[in-house]
Amino acid sequence: MSDEDKKPVAAPETPKAAEPVTVESIKKSAEKHITKLGVRFNKAFGALVHEKSVFDKMAGVFMAFAEDIDEVSDEEKKQKAETAAKVGTELLKSDTKDIVAAAVADAPETPDVVKDFYTVAVDAARTLDAERAKDNGKKSGETFATLASMTDKADSAKNDGKDKKLETFDTGEKRLMACYGIRFLVELKKKFTKDGDFKKEDFKKALDEFDAATKNTGRSFQILKSDHFKNIWKSGGSSWDAFEPLRDKLGLPLVNPIGMSLNSLKGSLQKPLNDNEAAELQKYFVPLFPKTSDADRAKVVQILSQIISSESKFPTNEQVAELAFHLDNDDLLELSKTLAG
Amino acid sequence: MSSIQSIILGLLDTSSLPGLFKNLVTNMLPNMSRIQQENILQTLLVEQKNAQVLDKKKMAIYRKYSPIVDSVLDSVENGKPEFPLMGLDILKKKTSQNVSESSNLKLDALKNIMPSKKV
């Protein structure tokens with residue numbers, strides 16, 4: 001027997017079973033192909049740097065390719081939004097208590113204060129969804145779906161920018177966030193108002209308890225202070241455009257006096273306004289808060305200046321409670337409606 | 001678990017729905033009405049079908065442009081960069097699209113400045 005014959009023979013490899021063809025596998029394959037094509041385009045451009053006429057023609061082809069891809073991407077976004085809106089509509093057919101129970105199903109020990117806040121959050125979303133479907137040309141379920149998708153963007157674990165581009169908030173989402181935030185505040189305020197009397201201390205206590213109960217859970221208001229959130233806010237759509245309805249309400253000619261007053265008084269708001277300064281400046285905010293009294297409006301302007309001049313630029317629970325206390329509910333509702341479009 | 005519920009859960013996995021919605025649907029499904037479940041099932045099935053159509057479009061785009069890029073890369077490797085004839089059709093279409101868009105804009109501008117005729 002030759003040496004060849006004595007060598008142990010490797011067992012024949014069992015052929016790998018073909019990967020089952022699923023929707024997910026087709027999607028991944030299509031995306032992989034498009035990504036690879038993008039890389040090859042890049043390579044071609046790199047090689048054609050000194051061949052102007054070929055380079056220019058390739059640029060024309062690439063632009064046609066980019067347009068075709070954009071068309072498909074736009075269609076994808078549209079379908080994604082439609083699917084989410086339809087499912088949102090079905091979810092909103094259920095009672096709020098069932099939605100909240102489902103939201104905390106994975107954490108049965110969730111404290112009551114958290115469930116209470118979630119109840120307010122769902123009711124505020126439900127109300128806003130119905131109003132925007134009625135008054136602002138949105139589809140039923142669309143607002144609820146947009147708010148839900150924004151929670152995904154705010155989740156740094158889901159939106160880490162590794163496998164695909166980091167998703168940021170567009171102008172519409174920024175505006176909706178402010179609109180919903182104000183509406184949530186109004187609804188939460190109602191829970192702590194008895195016989196027309198707003199219990200500011202109880203309100204502040206509830207905010208503190210909610211913060212403590214949701215710390216490090218990813219369901220806390222503190223997410224709004226995180227670096228990830230600030231990043232996707234800053235790199236997103238124009239904030240200037242997002243709050244255009246508020247600027248319109250203030251009246252463009254008035255924006256300059258506010259800016260000039262702030263500059264002359266403080267120089268870019270490095271310190272909060274004092275009582276006299278706030279009393280002077282509050283009159284420019286009448287268009288935003290017409291039903292709030294002058295004294296309360298001055299307090300609101302002063303608190304806003306405290307927030308803007310703080311390091312975090314984020315309100316404390318005490319400041320939120322003070323703002324809720326001093327602002328007229330009708331003004332808050334009107335602000336929310338102004339931002340609902 | 002009913003068959004409709006298990007189909008929905010299967011479709012949820014690959015759906016583009018926000019995470020919150022997936023979580024809510026999963027936990028609320030047993031207590032949802034039959035109509036809610038059927039509506040959600042229909043929505044997810046349509047989503048799946050549409051996703052397949054879009055993925056086919058992406059592959060068609062790939063097949064349309066890939067030979068052009070490959071041809072250019074090959075010509076570069078052969079030392080004589082050349083733009084392939086098959087790419088000219090795409091450029092012609094793009095140019096005529098641009099001309100047509102530009103003409104429409106000029107026409108609209110003319111309509112705005114011409115006085116309207118009274119009959």
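The side chains of A:Glu31 and B:Lys58 come together in a salt bridge, 3.8 Å from N to O (a side-chain nitrogen of Lys or Arg within 4 Å of a carboxyl oxygen of Asp or Glu). The model is a predicted one, in which local features need pLDDT of at least 70 and side-chain atom pairs count only at pLDDT 80 or more, while totals for chains, interfaces and linings use all residues. Residues are numbered from 1 along each chain as its sequence is written, chains are lettered from A in the order in which they are written, and side-chain values use heavy atoms, without hydrogens and water.

Between chain A and chain B, four salt bridges are counted. Helices H2 (23-47), H3 (52-92), H4 (96-103) and H6 (142-154) of chain A each supply at least two residues of the side that touches chain B, helices being DSSP runs of H or I of at least four residues, numbered from the N terminus. H3(A) gives the most, with 23 residues. In total, the contact (heavy atoms within 4.5 Å) takes 53 residues from chain A and 47 from chain B.

Turning to helix H16 of chain A (residues 329-338), its buried residues are A:Asp331, A:Leu332, A:Leu335 and A:Ser336, where buried means under 20% relative accessible area with a 1.4 Å probe, protein chains only. They lie on the same side of H16(A), because they cover an arc of only 135 degrees around the axis, taken from the directions from the helix axis to the C-beta atoms. These buried residues pack against helices H5 (112-135), H7 (171-191) and H11 (244-250) of chain A.

Key: Buried < 20%, exposed > 50% of the residue type's maximum accessible area, 1.4 Å probe, protein only.
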